[in-house]
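Welcome, and please load the model in your viewer before reading on. We will go stop by stop, with something to select at each one.

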Amino acid sequence: LSRSSRSPSRSHRQRIGLPPGSVVYHGEAPAEPVQIHLVSYSADHVESSDHVALETALSHRDRPARSWIHVSGIHDPERIGRIGTHFGLHPLLQEDIVHTSQRPKVEVYDDMVYVVLQTLTLPSPSGTDRSGGDTPPPVQPLRAEQVSLVVGPTWVLSFQERPDPLFAPVRERLRHGRGRIRTQGPDYLAYALVDVVVDSYFLVLEHLGNRIEALEDEVLDDPSPDVQATINETRRDLVSMRRQTWPVRDVLARLERLDTPVWSDDLRPFVRDAYDHAVQVLDLVESQRDIVSGLSDLSMTALSNRMNEIMKVLTIIGTIFLPLTFIAGIYGMNFEYMPELQIWWMYPLVWVLMIGGAAGLLGFFRRKGWL
Amino acid sequence: LSRSSRSPSRSHRQRIGLPPGSVVYHGEAPAEPVQIHLVSYSADHVESSDHVALETALSHRDRPARSWIHVSGIHDPERIGRIGTHFGLHPLLQEDIVHTSQRPKVEVYDDMVYVVLQTLTLPSPSGTDRSGGDTPPPVQPLRAEQVSLVVGPTWVLSFQERPDPLFAPVRERLRHGRGRIRTQGPDYLAYALVDVVVDSYFLVLEHLGNRIEALEDEVLDDPSPDVQATINETRRDLVSMRRQTWPVRDVLARLERLDTPVWSDDLRPFVRDAYDHAVQVLDLVESQRDIVSGLSDLSMTALSNRMNEIMKVLTIIGTIFLPLTFIAGIYGMNFEYMPELQIWWMYPLVWVLMIGGAAGLLGFFRRKGWL
Amino acid sequence: LSRSSRSPSRSHRQRIGLPPGSVVYHGEAPAEPVQIHLVSYSADHVESSDHVALETALSHRDRPARSWIHVSGIHDPERIGRIGTHFGLHPLLQEDIVHTSQRPKVEVYDDMVYVVLQTLTLPSPSGTDRSGGDTPPPVQPLRAEQVSLVVGPTWVLSFQERPDPLFAPVRERLRHGRGRIRTQGPDYLAYALVDVVVDSYFLVLEHLGNRIEALEDEVLDDPSPDVQATINETRRDLVSMRRQTWPVRDVLARLERLDTPVWSDDLRPFVRDAYDHAVQVLDLVESQRDIVSGLSDLSMTALSNRMNEIMKVLTIIGTIFLPLTFIAGIYGMNFEYMPELQIWWMYPLVWVLMIGGAAGLLGFFRRKGWL
Amino acid sequence: LSRSSRSPSRSHRQRIGLPPGSVVYHGEAPAEPVQIHLVSYSADHVESSDHVALETALSHRDRPARSWIHVSGIHDPERIGRIGTHFGLHPLLQEDIVHTSQRPKVEVYDDMVYVVLQTLTLPSPSGTDRSGGDTPPPVQPLRAEQVSLVVGPTWVLSFQERPDPLFAPVRERLRHGRGRIRTQGPDYLAYALVDVVVDSYFLVLEHLGNRIEALEDEVLDDPSPDVQATINETRRDLVSMRRQTWPVRDVLARLERLDTPVWSDDLRPFVRDAYDHAVQVLDLVESQRDIVSGLSDLSMTALSNRMNEIMKVLTIIGTIFLPLTFIAGIYGMNFEYMPELQIWWMYPLVWVLMIGGAAGLLGFFRRKGWL
Amino acid sequence: LSRSSRSPSRSHRQRIGLPPGSVVYHGEAPAEPVQIHLVSYSADHVESSDHVALETALSHRDRPARSWIHVSGIHDPERIGRIGTHFGLHPLLQEDIVHTSQRPKVEVYDDMVYVVLQTLTLPSPSGTDRSGGDTPPPVQPLRAEQVSLVVGPTWVLSFQERPDPLFAPVRERLRHGRGRIRTQGPDYLAYALVDVVVDSYFLVLEHLGNRIEALEDEVLDDPSPDVQATINETRRDLVSMRRQTWPVRDVLARLERLDTPVWSDDLRPFVRDAYDHAVQVLDLVESQRDIVSGLSDLSMTALSNRMNEIMKVLTIIGTIFLPLTFIAGIYGMNFEYMPELQIWWMYPLVWVLMIGGAAGLLGFFRRKGWL
C-alpha cells in the first residue's frame, strides 16, 4: 500500500472537530481532473459517453432508461456535493465518498444501497506479465483505492479515486449487450461492479504468489538482506490486503440477505457466487501469510547454514595451520642447545609429521561431515 | 499443490468482464480426451460402460433405472454445456463445473444437489508404498483436482479434471452389489463418492506424516539446507491441504441437515460418519502443522548446535596454539642480549611449560564440558 | 503508556478492603487544580465559561437550557462526590470516575448513561508534526487517560484526569453553532465527545505508523540495539493500545442499540459511523502488530546478515594468511640441514607460490560469492 | 503416540471402497487372544468372571441382573460381529468399534448410547514412579488406545484394544459394593468408566509435567541436541494429547444433556463433574503447550549464550596473543640493520611492553564484562 | 506456581477408583492445625471469634443472626465431613472442597450456592514493597490456593488451604460496620469475599509487571542466562495465572445472572463491577503475555548483538595482525639469498608499511561502522 493509504489517519486528524457530514476531500489532489462517464441503457438500447457535463449526468436521474454515472476523481467536493444533493444522499454518506480509506461496508437507506469497497491495484501493469519468469518482479507496494457505489431505483452512481480501467469490461458488456446485464435492473449492474472488484483481488494474489515463489527460490539460493526486505514488504502487503478484504465477506453476506426494493431477490445466487469468491480470497490470503511466515523462518535457517559453512572453512584452516605454525615456530627458536637442529633427518621428519597431521585432521573433518 | 493449483487466479483474470454463467474452461487442456463413463443400475441389475457417446449418456436421464454418468475431463465446454442444458443445470453451476479451483461447497436447487470438492492426489503412487521405510519419499507437491457432483432424482453426474482411479472402488461395489449401494437411491451413491474423497485425504495425511518423520530423523541427524526446503514444502502442502479440507466440514454438516426430496433423511448417520472423518482430517492437519512448526524450530536449534560444535573446535585449537606460538616466537627473536638462550635446560623447560600449559587448558575445557 | 498506567493495580491494592462505592482518588495528584468548565447552550444561544465555581455548575442541573459540565482533574474526591450526589450518580459510578484505568464500558441507569473511555495522548505534541520526516520521532511511551461521560436528560458531565485540549474542537463547534450540535440534545453532544476520542486514536496510529516506517528503514540500514529497544517499546504501545481500544467497539455497539429515553434513536447512523471508525482502529492496530512482529524478525535477520559479513572478513583473512604465515615459519626454522635455504631462486619461488595461493583463494571466495 | 496411532490413515486406506458397516479389523493383531470379562451385579449381589465364553456373555443380555461385558482385544471381527448382532448394534457402530483411532464421540440410538474415547497410556509404568526425581524419565511416546462403550437398558459393553488394568478399580468398586455403583443402573457404570478414562489423562499430564521440569533444568544447565529432541517429542505428545482430549469435552457436554431412557437424569451432577475435569485437562494441555513452546525459546537462548561464551574465550585469547606474536615476529626478522637488537635493555623492555599490553587488554575485557 | 500446584494430577491419581464423593484430602498436610473462625453478625451487632470449636460453629446454622464460618486448613477430612453433613452439602461438593486445584466454578443447589476460586499469593510479601525499585525482585513462583465458598440462607462457609490474611479486610469491615456489609444478607458477604479475591489478582499483576520492567532493563543492559530463566519463569507464572483467572470471568458472569433465592438480584451491579475487574485482569494477563513474548525476542536480539560485538573485536584484531605477522614471518626466513635483508632502509620501510596497512584497515572498519 502506498504511504498515503498506510496513514489513514491524516484525514481523520484534519476531520477532528468538524461536524459529521462535512464533504471535505483530504487526500492529495491528483493531476487528473474529475471526469464523469455516463452509460444510459435499457434492454435494447445503450448510450455511452465520456467526459459528460455535471448537469447532463444529473438530468438522467428521472429518465425512464437506467443510467450508470461513473465519477473518476473525488477531489472536487463541490461537484460531489451537488451530485449527492441531487440524488438525495445522506450527508454522512457524502462524507464517506470523499473521505477515502473507509472500511468496506454496506449501508441501506430507504431507496438506495450504499457499498464501499477498496480495490487493490498492482503498482505497475508489467508486474503481472512476467508471471512465471525467472527474475523476481520489482517490489513496489500495492495501492488501495476506494470505490463507492450507490444503487438507486433506476441508476447507479460509482466513484473512484482516479481514472482506472477496472470497470472497462463491464462497460464493454453493457455496450455489446452480453449476458443479462442490459435486461436487468441497476442492482445487477452494481453486482457486476462488485464482482469485478472481488475478481481483481485474484490478480493481486497471483502477483503476490509469483513474488513469493521467486523469493523462495532466492532464499534457498542466496539469501541477501534484500530478500529479507522483500519478504517483509510482501508480509506488509498481505497484512494490508487482509485488512481490506476481510470486511468484503461481510459486505457480500449482507448484500445476499438484503431486503429492500432496490436490490432484487433474484440476485441472490449471483451474490452468493461473489461471496464464495471473497471467502476464497480470504483463504488464499491466509495461506499466503502462512507461507510468507514460513519463508521468514526459511531465510533465517539459510543464513545460519551459510554461517555454519563460513565458520567451517575458518575452523578447518585454523585447526590445520595453527598447530603447524606452532611447530615451525618451535624450530625457529634460537636456543643454543637444541639437539634436533643438528640432526639431518629432522627437517624431512618435521615435514612428514606436519603433512601427516594435516591429513589426519582432514580425515577427522571428513568423518565429521565438514568436508 | 502444483503450480497451476497454487494460482487459482489465472482463470479469474481471464474471467473478468465475462458475464456470469459463461462456460469457458480456463485450465491447460490435458492430453487425454474427455471420456464419459456410464453405470446404469437398479437393485438387481447393473450395466457399466466406458467411453460412452454423449447422446447415450443424455438418454439415461429419463430412464427408470438409476444412472451414474461420470465425465473425466472438463476441457470440452461444449459437451459440458450440452450435458448441463440437458439435465437442467443452472448456468452458474455449469460455470463452476469447468471453472476449477472452486472452494468446496454444497448448493441446493429445486430438484438437484450440487457438491464441489477438491481431491488431493499424491504426486507419485509409489510415495505411499514406502511408508515406514528409511529413505524419505521424494518431495513433490500435492495436486488438487476438482470433483463436482450433481445429484438428481434418478441420476448422479460426476465431473473430474482428468482420468483418475479414485472412484474405481465405488464402481466395483456397484458392479458386485456389495452393501446397500444398489438398493439405495442416487443420493446414497453421491454419499459414497463424497466418502471416498474424504477417505482419500487420509492417504495424503499418511504420506505427509511419513515425510515428517523422515524429516525429523534427518534434522536430528544432519540438518542440511535441503531438509529445510523440504520442511518448507511440507508446510506449504499442509497450508494448502487445510485450505482445501476446511470447507469440507461445512459441506458435510450441510449435507447432514439437507431438507430436499433428492437427499433422503436415511443418509444422516452415514453423512454423520463422513463428517466425523472430515473433522478428524482437520484435527490431523492442525496437529501436523504444529509438528512441522516444531520441526522448523528443531532444525534451527540443530543448526545452532552444530555452530557451537564448530566454534568449540576452533576455540580449543586457537586457545591452545596461539599462546604456544607466541612463546616460540619469543625465543625466535634475534636480540643479542637474551640470557635464556644460552642456558642449556631452557629448551626442555620451554617444552615442559608448553605441554603443561596445553594440558591445563585441555583440563579447563573438559571441566567446562567442551570436550 | 506511562508507568502509572502500566500498573493499574496500585489503586486496586489500596482499594482492597474498602466497601464498594468509596470515592477515593488513588493516582498521584497532578500539579494543576481541579477546574470546572461550563457550556450552557440551546439552539440559538450559547454561554461558555471556564473556571466555574462548583455551586454554579451544580445549579445548572435544573435549568431548561442544556449544559455541559466538564471537570478536568479528578483528584479532589470531595468535589466529585458533591457533583455525584447532586446529579444522583450511583455510588459505584462515582467510584469508577475517580478510580482511573477502568476498562472502557457503558452503563445504563434509569435516566442517565455512563460511558468510560481511555484517551491515548501522544507523549509530546511535536512528535506528530514531524510525520514524514527522516529522523525517527523520539520514543516516549503513550499516556492513557480516563474520560468519563455521564449523559442526563438535559446535561452532560465529562471528567478528565488533567487539562487537555482534546475536547476544544467540540467546544468550538458549540460556540459557533456549526452543524446540528446546538439543535440536538445532550446525547448528541456526548456522541460528539465519544467521536473525538475515537478519532484521536487515528493520530496515535499515524504516530506509531511513522515510527514503524522509520524503524524499518533503520533496521535495514543499521540495526543497533537501540532499534530493538524501540521496536519493543512500539510493540508495548500497540499491546496497550489494543487493550484500551478493543472494548471501545463494544461500547459503541452497545450505544447504537441503546433503548433509553436519554439516548435518541436518531443518533444511530452517527454512532454507527463512530463504530465503523472504532473497528477500523482495531484493524489498524492488528495490522501494525503484525508489521512490528515482522520487524522483529527482520531485525534478527539483519543481525545475522551482519554477523555473516563480519565472519566472512575474518575467514577470508584467516584462510589466506594462516597458510602463508605457516610457510614463512617453515623457512624461519633453524635446522642445519635445509637444502632449500641455499638455493637462490627459492626465495622468489616462495613469494610466487604465496601470491599464487592467495590469488587462488580469493578466486575461490569470489566463486562462493563471499567477495 | 506410537507410530501406529500416528498414522490413523492406514486403516482408512484399506477401508476405501468397502461398503460402510464392514466389520474388519485393520490394526496389527496383538499377541494376546481376545478375552471376555463378565461382571453380573445387582444391589446385593455381584458375580465376576474372567475368560468367559462368548455364548455365556451373550446369554446375559436378557437376564434381570445388570451385566458388564468387557472385551479386551478387538482383532477378532467375527466375535465382535456376533456380539454386535446379538445386542442389536448398528452396522456403522460395529465398524467403529473395531476401526481404531476414531475421534471421541457419543452416538445415541433408540435404546442404547455409544461412547468412544481414546485412553492415553504411559509408555512404561515406571515412568511415573520417579516423578520428582532428578534424572529425567526416559522419553517414549504415548500410546493411544480406543475404548468403546455401549450402554443398553441392563448392560454395558466395553471394548479395549488390549488387556489393560485401567478399569480394574471400577471392578473393585463393583466387587466390594463401594459407593452407589451397585445400586445404580448401567448408565452409572458407564459414567464410572468414562470418569476413569478422564482421570487417567491427569496421570499423563503429570508425567509430561515432570518431563518438562526436568527438561527445563537441563536446558538451563547444559542444552544438548538430545534435550531438543526430547522437547520436540514432548511437543508432539502434547499435540496428540490435545487432539485426543479436545473432543472429550464435547462428549461429556453431550452426555450431560442426554435425553434418552437409558441415561438417567440423576447422573447429571456426576457427568458435570467429569466435564469439569475434562475442561481442566484441556486447560493444562494448553498451559503445557505454552510452556514447552517457551522451553524451545529458552533452549535457543541458552545455545546462543553458550556460543557467546565460546566466542568470548576465542576473542580474548586471539586479541591478546595475535599482537604479542606479531611483536615477537618483528624481532625475529633477519634484517641486518635493526638497531634495537643490539640494545641490551630492549629484550626486557619488550617483555614489559607485552605483559603491560596483555594486562591492559584484560582490563579492557573486564570492563566490558567479558571476564 | 509452586511445584504442588503445577501437578494437579497427584490427587487425581490417588482418587482413581474411589467412588465419587469421597472426602479424602490429597495434599501435603501443612504444619498448622485446622482453625475455625466465626463471625456472627446482624445490622447492629457483630461477634467475631477465632479458634472456635467445631460444635460451636455448627450450632450457628439455625440461629437468626447471619454467620460466617471460615475454615483455614482443609487437611482434616473428618471435620470437613462433619461440617458438610451438618450443613447439608452434596457429597461431590464436599469432595471438591478438600480436593484442591479445582477449576474455578459456580454450582447452584436448591438452597445454596457453591463457588470455588483460586487465589494467587505472592511468594514473599516483601516482593511488592520494593515495586519501582532498581533491583529486580527475587523470582519465586506464585502459589495457587483454593478458596471455596458455600452461601446458604443465613450463613456463609469459606474454606482456605492454610491461614492467610486475605480476608482480614472483610472481617474488619464487618467488625466496624463500614458500608452496607452488615445490613445485607450472606450473599453480599460472599460477593465481598469474591471481590477481594479478584482484587488480589491485581497485586500479582503489579508484581509481575514490575518484574517484567526490571527484566526489560536487564535484557537491554546485560542479558545473562539468568535473565532468560527469569523470563521463562514469568512466562510460566502468566500461563498459570491465565489458567486460574480465565474461568473467573465465567464464574462472575454466572453469578450475575443467578436466579436463586439465596442470591439477591440487588447484587447485580456489584457483581457486574467485579466482572469488569475480572475482564480487566484477563486483558492485563494477555498484554503481559505479549510483552513477555516480546521480551524473549528482545533478549535473543540482544544476544546476537553481543555476539556481533564480540566477533567484531576478534575480526578487527585478526584482520590487522594476521597480515602483519605474516610480513614479519617473511623476513624471519633464513634463505641465504634475500636481498632486502641487506638494505638498511628496509627495516624502517617495513615498519612504515605495517603501520600504514593497519591504519588503512582501521579506516576501512570505521567506514563500515565497526568501530
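**Stop 1: the meeting of chains C and E**

Select chain C and chain E, and show the residues where they touch: 65 from chain C and 63 from chain E take part in the contact. Keep in mind as you look that this is a predicted model. Together, chain C and chain E bury about 6,000 Å² between them, and carbon and sulfur atoms account for 63% of that buried area.

Next, look for charged partners across this interface. How many salt bridges does the rule find between chain C and chain E? There are 6. For one to zoom in on, pick E309(C) and K368(E): their side chains form a salt bridge, with N to O at 3.3 Å.

Now colour chain C by secondary structure. On the side of chain C that touches chain E, at least two residues each come from α1 (3-6), α2 (9-15), α5 (91-98), β4 (105-109), α9 (225-256), α10 (268-330) and α11 (346-367). Which of these elements gives the most? That is α10(C), with 20 residues. Switch to colouring by residue class, and the side of chain C that touches chain E splits into 32 nonpolar, 16 polar and 17 charged residues.

**Stop 2: chain A by itself**

Of the 371 residues in chain A, 61% count as buried. Show the surface next: the accessible surface of chain A is about 13,600 Å², and 52% of it belongs to carbon and sulfur atoms. For a look at the fold, take the contacts in chain A between residues at least 6 apart in sequence; 73% of them join residues at least 24 apart.

**Stop 3: a histidine in chain D**

Finally, select H37(D), which sits in strand β1 (residues 35-42) of chain D. Is H37(D) buried or exposed? H37(D) counts as buried because its relative accessibility is 10%, below the 20% cut-off.

Show side chains around this residue. The side chain of H37(D) makes a polar contact with the side chain of D50(D) at 3.2 Å. Setting aside neighbours within four places in sequence, H37(D) is in contact with S49(D), D50(D), H51(D), W68(D), I69(D), H70(D), S72(D) and R171(D).

How values were computed. Residues numbered from 1 in each chain as written. Chains lettered and ligands numbered in written order. Predicted model: local features only at pLDDT ≥ 70, side-chain atom pairs only at ≥ 80, totals over all residues. Heavy atoms only, no water. Contact = heavy atoms within 4.5 Å. Buried area = accessible area lost by both parts, 1.4 Å probe. Salt bridge = Lys/Arg side-chain N within 4 Å of Asp/Glu carboxyl O. Helix = DSSP H or I, 4+ residues; strand = E, 2+ residues; numbered from the N terminus. Nonpolar A, V, L, I, M, F, W, Y, C, P; charged D, E, K, R; others polar. Buried < 20%, exposed > 50% of the residue type's maximum accessible area, 1.4 Å probe, protein only. Areas by Shrake-Rupley, 256 points an atom, 1.4 Å probe, with all protein chains shown as cover. Polar contact = N/O pair within 3.5 Å; in protein donor to acceptor, adjacent residues only side chain to side chain.
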